[in-house]
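Subject: Structure handover

Hello,

Please find the structure below. My notes on it follow.

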Amino acid sequence: MSSVQSSSGQTAEAYDVVVVGAGFAGMYMLHRLRGLGFSARVYEQGGGVGGTWYWNRYPGARCDVESMQYSYSFSEELQQEWDWSERYAPQPEILKYANHVADRFDLRRDIQFNTRVERTAFNEHGKFWSVTTSDGRTVEAKFVVLATGCLSNARKPDIKGLENFKGPVYHTGNWPHEDVDFTDLRVGLIGTGSSGIQSAPIIAEQAKHLTVFQRTANFSIPARNAALTGEERDAFRRDYPEIRRFAREVARNGIFAEQPDRGALDDSDDVRLGKYAGRWERGGLTFMYVYNNLGLERSANDTAADFVRGKIAEIVKNPETAKLLQPNSHPIGTKRICIDTDYFATFNRPNVSLVDIKANPIEEITASAVRVAGKDHEVDALVMATGFDAMTGSVAKIDIRGRGGQTLNRKWEEGPKTYLGLMSAGFPNLFIITGPGSPSVLSNMIVSIEQHVDWIADCLVHMRRQGLATMEAGRDAEDKWVAHVNEVAQGTLFPQANSWYMGANIPGKPRIFMPYIGGVGVYRRICDEVAAKGYEGFLMGRAEQPQAAAS
Ligand code: NA7
């Protein structure tokens, strides 16, 4: 940190880099910056590290990527010393890990908690960003890195009468830090994405009655979560070099798993069903990698979707409820597939009911009930598992002004535009980690975070060596990348779903498939090639030489 005289004559703190957010991306970015001798300040709106895992404390919250893989790879000591307790880590353990990382690498001294970045504007003359925070202070930074996360802007839907409800209203993405006790209460749960599906079985065990309000039935695969044995952990640790290499360079989604070598229709019905049954028993996200064309061809996808619909019918005893729970509106996997523990079986409990709000949307919420099709479903507490303004929501909350005072929100009015998901033209020296246009939410986030952080760190070192002051995405390169991201998505089944990948869950948000679906290995090679060619497609600017004094 240093101090500079601002245009108003006041002294402002100045950093090489301001990082917004102290989740997994912001923490690793800070660690790398420090190691390279850059001064950095991190602002975090939460009271602690962990980002999405700091906020998402709802009952049953758990990562859907296996814990031995949903962890940093940058430090051999860290990955050898940390003991994950279960195949899928529960939220409190992931948060504990985030805190351990913060302590182990002494990160906290450069993080200012409980502080939002409200505004940042690029000073074209001075080639720095002014960053104004919620405590009313403004600092200067040569670079700003947005590590704001993709699923951190919880969204309460605009349902008529919600403000009249007398009981507590919780949002899974912004859960209280104190224990919430549903004992003896009638609970209404709105939303059946991953958060609703993970929390329903736990709430049902505690509550007097749970009513689940379902707009879209979702595909979910059993997690088959279990305690990790010492041998399992050791096996991972032994093989980490290969597991990490594979996740980074080969896997489409940053997860170590067998790669399918054939399509679903290449096998006979019996063989195919046997393979699906095997994966269902094994549990987890890899269900979708039985075959290589489930995300590409509808006829192939239908075979997997039919299998899961059949499983739901087997598990759920009431045929009407089973039918409602069977997803029919989108191909399997085109909304992020959920993994659960006893979700469908929860509907066999006498204290759980399902209400279809697709056929009959919620009319209104009254002081004590959710009204659907003229019927009042009495509830004492409401849980909104209604998701996030994903990928762009947290960025949009910051007033970001680039060249000519243009705001990023204005530029992204018709959908986010980036080059490689890393930068947006007109906003020099502003990087986004796992931004729209990069694999991001389609991947194991930690693999993608580490890739972006390392790429940005290398880039800053390159600029320092070359005496470069600014870097920004070229408009041509950006247009071509946006077209490429779109073209690759259109070659898949993904745009067929009204998913948050498409921005479809936010009324008025442009429908654009936001993440890059080309695969993390492919994407990494593209980014590396761009860097190797002197940051092809980016515009680099030198610091202006100081004018020689007139003699
Ligand atoms: P999701 O996956 O966006 O799920 C949100 C759910 O809430 C989904 O079932 C929505 O139905 C439903 N929803 C949203 N708005 C409404 C309104 N207005 N009325 C009724 N129902 C509504 O969020 P999650 O938090 O579960 O998971 C997000 C990601 O976090 C997940 O994919 C994992 O990667 C981790 P819809 O499907 O839009 O009809």
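How many salt bridges does a search of the whole structure find? The search gives 35. Please keep in mind that this is a predicted model.

Some of the salt bridges are described here. Glutamate 13 and arginine 137 meet through their side chains, at 2.5 Å from N to O. Glutamate 13 belongs to strand β2 (residues 11-20), while arginine 137 is in the loop between β6 (128-133) and β7 (138-146), so the pair links distant parts of the chain, 124 residues apart. Arginine 137 counts as partly exposed because its relative accessibility is 41%.

A salt bridge also joins the side chains of aspartate 64 and arginine 336, with 2.9 Å from N to O. Aspartate 64 sits in the loop between α2 and α3, and arginine 336 in the loop between α9 (319-325) and β12 (338-340), so this pair ties together parts that are 272 residues apart in sequence. Aspartate 64 has a relative accessible area of 13%, which means that it is buried, the cut-off being under 20%. Arginine 336, at 25% relative accessibility, is partly exposed.

The salt bridge between the side chains of arginine 245 and glutamate 249 is 3.6 Å from N to O. Why are these two residues separated by about one helical turn? Both are in helix α6 (residues 230-249), and they are four residues apart. An α-helix has 3.6 residues a turn, so residues three or four places apart point the same way. Arginine 245 is partly exposed, at 32% relative accessible area, and glutamate 249 is partly exposed too, at 38%.

There is also a network of salt bridges, which links Arg34, Asp106, Arg109 and Asp110.

Helix α4 covers residues 91-104, which makes 14 residues. At 1.5 Å a residue the helix should span 20 Å, and its end C-alpha atoms are 20 Å apart, so the two values agree. The buried residues of α4 are Gln91, Glu93, Ile94, Leu95, Tyr97, Ala98, Val101 and Ala102. What covers these buried residues includes α1 (24-35), α2 (52-55) and α3 (76-81).

The last item is a pocket. The second largest pocket holds about 740 Å³ of space. Its lining has 33 residues, and those nearest the centre are Arg252, Asn253, Met288, Tyr289 and Phe494. By type, the lining residues of this pocket are 20 nonpolar, nine polar and four charged.

Regards

Methods. Residues are numbered from 1 along each chain as its sequence is written. This is a predicted model: local features need pLDDT of at least 70, side-chain atom pairs count only at pLDDT 80 or more; totals for chains, interfaces and linings use all residues. Side-chain values use heavy atoms; hydrogens and water are left out. On a 1 Å grid over the protein atoms alone, a cavity is a set of points where a 1.4 Å probe fits but cannot get out, and a pocket is an open set with protein on both sides within 12 Å along at least five of seven lines; lining residues have an atom within 4 Å of a point. Grid points are joined across faces, edges and corners, and a volume is the space filled by probe spheres set on the points. Ala, Val, Leu, Ile, Met, Phe, Trp, Tyr, Cys and Pro count as nonpolar, Asp, Glu, Lys and Arg as charged, and the others, Gly among them, as polar. The expected span of a helix is 1.5 Å times one less than its number of residues. Buried means under 20% relative accessible area, exposed over 50%, partly exposed in between (1.4 Å probe, protein chains only). Contact means heavy atoms within 4.5 Å. A salt bridge is a side-chain nitrogen of Lys or Arg within 4 Å of a carboxyl oxygen of Asp or Glu.
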